[in-house]
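I opened a new model today and kept notes as I went. Here is what I looked up.

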Amino acid sequence: MKAAITPAEVDFSDPGAPAAPAYRDVYHARAGALGQARHVFLGGNGLPGRWQGRDRFVVLETGFGLGNNFLATWDAWRQDAARCERLVFVSVEKHPLRREDLARAHAGSELPGLAAQLVERWPPLTPGLHTLAFEGGRVELLLGLGDARTLLRELVLEADALYLDGFAPARNPEMWDEWLLKSLARHARPGTTVATWSINRPMRRALAALGFEVGLAPGFASKPEMTVARHAPRHQPQRPVGREPLAPRACEAVVLGAGLAGAACALALSRAGLACTVIDALAAPAQASSGNPAGLFHGTVNPDDGPHARFNRAAALATQALLAELGLPHRHGLLRLETRLARAQMQEAPGYVQALDAEAASKLAGTALTHPAWFYPGGGAVDPAAYARAMLDASGAALRLNTAVAALRETDQGWQLLDADGRVVADTPLLVLAGGHGQLALLGELAADLVVQRGQLTHLPAAPWCPAVPIAGDGYAIADGRGGLWCGATTQDGDLDPALREADQADNLARYARLAGLAQPPQAPLAGRVGWRLIAPDRLPLIGGLAAPGPRADQLRLQPRRPGLVVCSGFASRGISWAALAGRLTAALALGLPRPLEAELLDAVDPLRFALRRARRTTIAALPG
Ligand SMILES: Cc1cc2nc3c(=O)[nH]c(=O)nc-3n(C[C@H](O)[C@H](O)[C@H](O)COP(=O)(O)OP(=O)(O)OC[C@H]3O[C@@H](n4cnc5c(N)ncnc54)[C@H](O)[C@@H]3O)c2cc1C
Ligand SMILES: C[S@@+](CC[C@H](N)C(=O)[O-])C[C@H]1O[C@@H](n2cnc3c(N)ncnc32)[C@H](O)[C@@H]1O
């Protein structure tokens with residue numbers, strides 16, 4: 001797979017100073033990692049004092065290494081009675097440790113409880129951003145795996161404090177040069193502070209040229225001095241208007257839709273400190289598409305590791321982490337048959353996906369398969385309605401059921417939701433449209449880009465073969481735990497028929513028979529469920545703001561948005577896989593929190609992407625000759 005991560009090779013021979021032979025340097029001062037973190041990075045940035053009384057505080061670090069700076073910062077936050085409500089620690093790392101090395105690095109930790117949680121939540125080493133939630137979401141580690149030189153340019157965030165910690169400048173100049181510092185400075189605002197143990201002159205000069213007031217402070221242990229700095233730019237560059245938070249001061253929100261999308265948004269927003277109300281037309285949560293009895297979640301793989309593969313992977317990992325955090329029972333592990341590539345062409349990502357030949361896959365599935373398969377150890381199957389309910393419960397959101405919304409009205413303070421008689425149902429500074437296919441009428445011109453697709457699932461009460469792990473190929477099969485299974489599913493665009501159909505059941509059973517290697521499809525009484533998928537043409541979700549009235553920009557990042565409104569929808573046939581990340585992204589876009597996705601992926605899921613592409617095509621067509 002493109003851009004694979006090379007894990008760190010750590011030399012543990014000196015227990016007081018683990019080293020990176022590739023860089024001929026140690027991970028921290030011999031005098032102690034936590035002592036160094038507290039003196040240099042916390043002290044040098046005026047912490048804990050500077051976060052006191054704040055809603056949230058964002059630290060951005062170069063070089064996560066063993067994670068000692070993170071642990072020391074988290075520990076200081078825990079010890080501080082006046083701490084900020086939420087701490088977001090963002091760090092980039094080119095060579096992350098393997099989980100077993102991380103555990104070894106913290107075997108004698110002074111903070112064993114925190115270190116154990118870090119090791120437990122440590123993600124598979126795949127490129128991109130990973131969110132690790134601690135303290136019920138009040139402390140988040142946004143870990144970017146990849147080269148800081150490219151990743152920092154892809155981050156969308158404003159940091160309050162910068163920790164510069166990328167091995168000695170002489171040994172690793174790429175972490176300290178003007179390019180890198182300029183990438184970091186893009187995430188600073190007036191008052192953002194910097195600290196590092198280094199007093200490297202070119203680094204200090206570059207910081208000064210980037211608008212920082214640079215000073216010296218007493219260093220840690222044997223180092224007499226260290227660098228501290230504060231951003232005080234003469235000119236503050238204009239931030240791209242399309243990346244401005246949509247409701248930065250909102251303390252409350254209304255979420256339309258109590259399915260997977262709405263539940264995930266309510267959870268992320270309430271974790272960010274907002275009081276949420278979830279409104280739904282139906283009598284209970286997760287009764288529309290999210291009311292299926294079972295569904296799969298997993299990432300995807302493609303050799304180019306393009307936006308689809310990266311988004312799906314980030315989303316599936318977020319789902320896996322959230323299911324574990326919520327303690328929701330689900331089936332672990334998923335097999336996806338590969339019908340185009342031979343086993344030799346399949347490259348795996350350790351810990352995330354394994355490439356199996358037909359024989360190994362058959363063993364896992366418990367039947368003879370003719371194709372190789374991808375095995376997603378962190379993927380699996382879950383009851384989507386139970387998942388949505390668990391997110392709603394954890395959010396503490398107020399539920400307003402049996403409340404259909406027919407129209408929206410923009411006001412000076414935000415948005416009003418109106419019923420069919422024009423009565424105001426709710427008033428809110430932040431409205432999240434997470435109503436699946438049921439809210440099409442509220443989406444304006446965006447609706448024209450979307451397809452509503454019917455799908456029928458089949459329940460087979462006594463199955464001749466039940467896969468030991470959920471399996472997907474041409475169709476899928478999920479054991480129901482009682483000797484039967486769910487298989488499916490059909491796809492019919494624009495078909496709104498809610499009735500179960502014999503012909504669709506026959507299709508599902510024929511696909512099941514092919515998966516199972518049966519000569520004949522089994523016979524079964526008509527049983528199953530019909531639902532609808534809301535699908536964008538490129539099969540990615542729609543998460544972001546809608547266009548403000550006025551001329552259209554030619555780049556998404558420059559497009560002004562309607563304040564106080566976020567769409568989180570278009571979950572296609574991947575609502576289970578996408579909800580956790582989509583909810584978190586919705587909260588970040590609304591409130592201006594560090595975005596959990598790289599800029600390129602923010603654009604890939606932006607609801608305005610189709611309108612922009614159309615506008616570009618029109619402009620090109622209008623060009624002379
Ligand atoms: C047959 C089938 C199989 C599938 N299998 C899988 C699978 O294996 N894995 C997977 O990840 N995904 C699967 N999906 C897709 C998944 O079910 C959806 O992506 C997901 O449920 C969408 O969630 P949602 O919250 O966006 O929409 P919904 O679950 O439809 O929720 C939207 C809610 O908004 C409410 N609402 C809408 N408009 C209004 C309004 N105007 N006023 C008040 N309330 C409103 C609705 O009542 C509804 O409760 C499948 C879908 C189908 C149809
Ligand atoms: C001194 S260690 C960081 C120690 C860490 N902050 C801690 O608290 O344990 C420096 C880290 O920078 C990482 N690094 C080096 N070059 C990098 C690059 N170009 N991009 C991202 N990380 C890099 C190294 O792999 C190493 O883990």
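My entries follow, from the ground rules to the cores, a pocket and the salt bridges.

**Ground rules.** This is a predicted model, in which local features need pLDDT of at least 70 and side-chain atom pairs count only at pLDDT 80 or more, while totals for chains, interfaces and linings use all residues. Residues are numbered from 1 along each chain as its sequence is written, chains are lettered from A and ligands numbered from 1 in the order in which they are written, and side-chain values use heavy atoms, with hydrogens and water left out.

**Cores.** I searched for nonpolar cores, meaning sets of buried Ala, Val, Leu, Ile, Met, Phe, Trp, Tyr and Cys residues joined through side-chain atoms within 4.5 Å. Buried is under 20% relative accessible area, exposed is over 50%, and partly exposed is in between (1.4 Å probe, protein chains only). The largest core holds 78 residues. Trp51, Leu60, Phe70, Leu118 and Leu141 have the most contacts inside it. Helix α2 (residues 68-79) gives this core its largest share, six residues. I take helices (H or I, at least four residues) and strands (E, at least two) as DSSP runs, numbered from the N terminus. Another core, of 66 residues, lies apart from the largest one. Leu260, Ala272, Phe311 and Val566 are among its members.

**Tryptophan 51.** What does tryptophan 51 touch? I counted contacts as heavy atoms within 4.5 Å. Leaving out residues up to four places away in sequence, its partners include Leu42, Phe57, Trp77, Arg83 and Leu87.

**Arginine 271.** I found arginine 271 in helix α8 (residues 260-271). Is it buried or exposed? Arginine 271 counts as buried because its relative accessibility is 19%.

**Second largest pocket.** A pocket here is an open set of points on a 1 Å grid over the protein atoms alone, where a 1.4 Å probe fits, with protein on both sides within 12 Å along at least five of seven lines; lining residues have an atom within 4 Å of a point. I noted a volume of about 1,100 Å³ for the second largest pocket. Its lining has 42 residues. Leu157, Glu158, Arg186, His187 and Arg239 lie nearest the centre. By class, I listed 19 nonpolar, seven polar and 16 charged residues. Strand β3 supplies the largest share of the lining, three residues.

**Salt bridges.** I counted a salt bridge when a side-chain nitrogen of Lys or Arg is within 4 Å of a carboxyl oxygen of Asp or Glu. The whole structure has 38 of them.

- Arginine 98 pairs with glutamate 9, with closest N and O atoms 3.0 Å apart. Arginine 98 sits in the loop between β4 (86-93) and α3 (99-105) and glutamate 9 in the segment before β1 (19-20), so the pair ties together parts 89 residues apart in sequence. Arginine 98 is partly exposed at 26%, and glutamate 9 is exposed at 52%.
- Aspartate 603 meets arginine 243 at 3.2 Å, N to O. The two are 360 residues apart, with aspartate 603 in helix α14 (residues 599-604). Aspartate 603 is partly exposed at 24%, whereas arginine 243 is buried at 15%.
- Arginine 561 meets aspartate 606 at 2.8 Å, N to O. They are 45 residues apart, and both are buried.

One more note: salt bridges with shared partners join Arg54, Glu158, Asp160, Arg189 and Arg239 into one network.

Technical notes: Points joined across faces, edges and corners; volume = space filled by probe spheres on them. Nonpolar A, V, L, I, M, F, W, Y, C, P; charged D, E, K, R; others polar.
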